[in-house]
Amino acid sequence: MIDIQTKMAGRALELLYLPEDQPCYLLDIGCGTGLSGDYLSDEGHYWVGIDISPAMLDAALDRDTEGDLLLGDMGQGIPFKPGSFDGCISISAVQWLCNANKKSDIPAKRLYRFFSSLYSVLVRGARAVLQLYPENSEQLELITTQAIKAGFTGGVVVDYPNSAKAKKFYLCLFSGPSTFLPKGLNEIDEEEEARESTFTNERVPYKIARRGVVKKSREWVLEKKDRCRRQGKEVRPDTQYTGRNRKPRF
């Protein structure tokens with residue numbers, strides 16, 4: 001489960017299309033125990049997490065996550081000043097706003113309050129990428145309608161649409177002029193698909209569980225270049241010298 005959460009956080013960060021090698025201040029909605037935040041920290045970003053569960057936030061504190069944590073209900077709005085964040089991610093959280101846990105909960109109103117406040121706290125032109133699990137097409141339409149009503153543009157990116165296990169929905173929202181909508185991933189091998197539904201009781205250190213890739217190593221560089229290519233950026237071809245440690249010059 002740690003590996004799946006980390007991969008989805010990585011994909012969400014990729015879809016944010018942030019400037020390369022520039023730390024950003026990000027919001028993690030429904031941060032839980034801070035697994036997504038760990039990925040953001042590993043990529044050199046600063047972040048604030050908000051979650052409705054005190055138990056989850058306590059677990060995040062016990063793990064010494066690097067981000068700031070806030071107890072709050074996203075359906076009541078995001079309590080930050082306008083233009084506070086360079087971007088926002090959310091993993092498996094937004095669909096819960098479609099549920100009415102009490103009579104006073106009206107999903108459409110809670111969704112609109114959430115999206116309108118999220119639009120406010122983002123820097124103009126910033127993106128929000130919300131990974132979610134809609135129960136049906138009606139629920140997905142309800143979510144996207146309220147996002148557009150709040151001022152966002154964008155749409156839904158679907159990764160692995162033909163896979164029953166690996167299929168993922170990412171709501172990509174733009175808080176400024178509409179830009180191109182990224183394409184979803186399509187190719188997935190059987191080993192990767194099987195790993196999507198693999199559970200284990202083995203305790204793995206969170207930092208190691210992320211990927212086990214050493215920063216600045218050849219594998220790290222190749223992965224970063226591949227991510228840039230998927231974002232449509234121009235990247236130099238890979239060679240035998242890619243990621244090689246060079247001696248300092250005089």
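Reader: How many disulfides does the structure hold, and what makes a disulfide?

Author: The structure holds zero disulfides, where a disulfide would be a pair of cysteine sulfur atoms within 2.5 Å. This is a predicted model, in which local features need pLDDT of at least 70 and side-chain atom pairs count only at pLDDT 80 or more, while totals for chains, interfaces and linings use all residues. Residues are numbered from 1 along each chain as its sequence is written, and side-chain values use heavy atoms, with hydrogens and water left out.

Reader: Why is C88 called buried, and why C98?

Author: Buried means under 20% relative accessible area, exposed over 50%, and partly exposed in between (1.4 Å probe, protein chains only). C88 has 0% relative accessibility and therefore counts as buried, and C98, at 14%, counts as buried too. Of the 250 residues of the protein, 44% fall into the buried class.

Reader: What makes Y25 and F85 an aromatic pair, and why is the pair called stacked?

Author: The whole structure has six aromatic pairs, and Y25 with F85 is a pair whose ring centres lie 5.1 Å apart with 15 degrees between the planes. Rings of Phe, Tyr and Trp (its six-membered ring) pair if their centres lie within 6.5 Å, and planes under 30 degrees apart count as stacked, over 60 as edge-to-face and the rest as tilted, so Y25 and F85 are paired and stacked. Y25 belongs to strand β1 (residues 25-29) and F85 to strand β4 (residues 85-91), 60 residues apart; helices (H or I, at least four residues) and strands (E, at least two) are DSSP runs, numbered from the N terminus. Y25, with 33% relative accessibility, counts as partly exposed, whereas F85, with 0%, counts as buried.

Reader: Why is the pair of F115 and F152 called edge-to-face?

Author: The ring centres of F115 and F152 are 6.3 Å apart and the planes stand at 75 degrees, so the pair is edge-to-face. F115 lies in helix α4 (residues 107-121) and F152 in the loop between α5 (137-149) and β6 (153-159), so the pair ties together parts that are 37 residues apart in sequence. F115 and F152 are both buried, and together with F114 and Y119 these two residues form one aromatic cluster.

Reader: How do you know that R124 lies over the face of Y119?

Author: A charge sits over a ring if NZ of Lys or CZ of Arg is within 6 Å of the ring centre and within 35 degrees of the ring normal. R124 lies over the face of Y119, 4.3 Å from the ring centre, and the charged end of K149 sits over the ring of Y112, 5.1 Å from its centre.

Reader: Why do β3 and β6 count as edges of the sheet?

Author: The open sheet has seven strands in the order β3-β2-β1-β4-β5-β7-β6, with mixed pairing. β3 (68-71) and β6 each have a single partner strand, so one side of each is left without a neighbour in the sheet. Two strands pair if DSSP finds at least two bridges between them; β1 and β4, which run parallel, are joined by four bridges, and L26 has G87 in β4 as its bridge partner.
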